[in-house]
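These are my notebook entries on one protein model, kept in the order in which I looked things up. I began with the surface and then moved towards the inside.

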Amino acid sequence: PAGKVIDAFQIESVPPDTAACATCAPVLMSFAETVTLTMDGIVTPTVIGPADIVRFQPTATDPQWGHILAGGFSLYRTATDMGIPAGANIDALDRAPDGRLLVSLTTDSAPNVLVAGRAVDKEDLAAVAEDAATWSLYFDSDQIPFNPFADGLTAAWIDGNGDIYISGDPIGGSALAFINAE
């Protein structure tokens, strides 16, 4: 959507049933503010909150450069489906090597977000098992000595070994950290 900031995204693996664009991987994303999107197969535009997740499925790319030319949105998960409380926002999104969805959550009204009875700080990564909407703490930022991310995470990526790469917006600029999974 023009003029709207994508707050968090995660590129999924290419589904085997993608025929129109076999090399196009779907992208999961959330937005920094409430947006209205036209979803595939739905005539009435859908309001998406900052803790909802949508999937963008590219359907065509430029054959020379691979730029996405077309695609469509579908609702992936709502905040309510995942048990995320009102007022929370997803600001980092990825998948753990075991397939669980990982999110960093922020809120303007509290120092942490309570999800399924667990306090999740804005610089932590929480994991949700999507089939049961059960949550666990995946990465506790208190493990970082002199944590530069006290203002929250802005991005996270977990590689195939489970090593965590995070970035944030600490006081005085941006920072990137690598956390070894061992």
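This is a predicted model: local features need pLDDT of at least 70, side-chain atom pairs count only at pLDDT 80 or more; totals for chains, interfaces and linings use all residues.

Entry on the overall make-up. The protein has 182 residues, of which 42% are buried, and I found 1 helix together with 15 strands. I also looked up the contacts between residues with a separation of 6 or more, and 42% of these contacts come from residues 24 or more positions apart.

Entry on the cores. Which residues touch the most other members of the largest nonpolar core? That core has 17 residues, and the ones I wrote down in reply are I53, M82, I84, I90, L93, L101 and W135. Two or more residues are given to this core by each of helix 1 (79-82), strand 7 (88-95), strand 8 (101-107) and strand 11 (125-129). I then followed M82 on its own: leaving aside residues up to four places away in sequence, M82 touches A51, I53, R77, I90, L101, A133 and W135. There is also a second, separate core, which has 11 residues, L153, A156, I164 and I166 among them.

Entry on the aromatic pairs. The structure holds 2 aromatic pairs, and I examined the one formed by W157 and Y165, whose ring centres are 5.0 Å apart and whose planes stand at 35°, so I wrote this pair down as tilted. The angle decides the label, because planes under 30 degrees apart would count as stacked and planes over 60 as edge-to-face.

Entry on the salt bridge. I found 1 salt bridge in the structure, in which the side chains of D98 and R100 meet at 2.9 Å, taken from N to O. D98 is exposed, since its relative accessible area is 53% and the cut-off for exposed is over 50%, whereas R100, with 24%, is partly exposed.

Note on methods:
Residues are numbered from 1 along each chain as its sequence is written. Side-chain values use heavy atoms; hydrogens and water are left out. Rings of Phe, Tyr and Trp (its six-membered ring) pair if their centres lie within 6.5 Å; planes under 30 degrees apart count as stacked, over 60 as edge-to-face and the rest as tilted. A salt bridge is a side-chain nitrogen of Lys or Arg within 4 Å of a carboxyl oxygen of Asp or Glu. Buried means under 20% relative accessible area, exposed over 50%, partly exposed in between (1.4 Å probe, protein chains only). A nonpolar core is a set of buried Ala, Val, Leu, Ile, Met, Phe, Trp, Tyr and Cys residues joined through side-chain atoms within 4.5 Å. Helices (H or I, at least four residues) and strands (E, at least two) are DSSP runs, numbered from the N terminus. Contact means heavy atoms within 4.5 Å.
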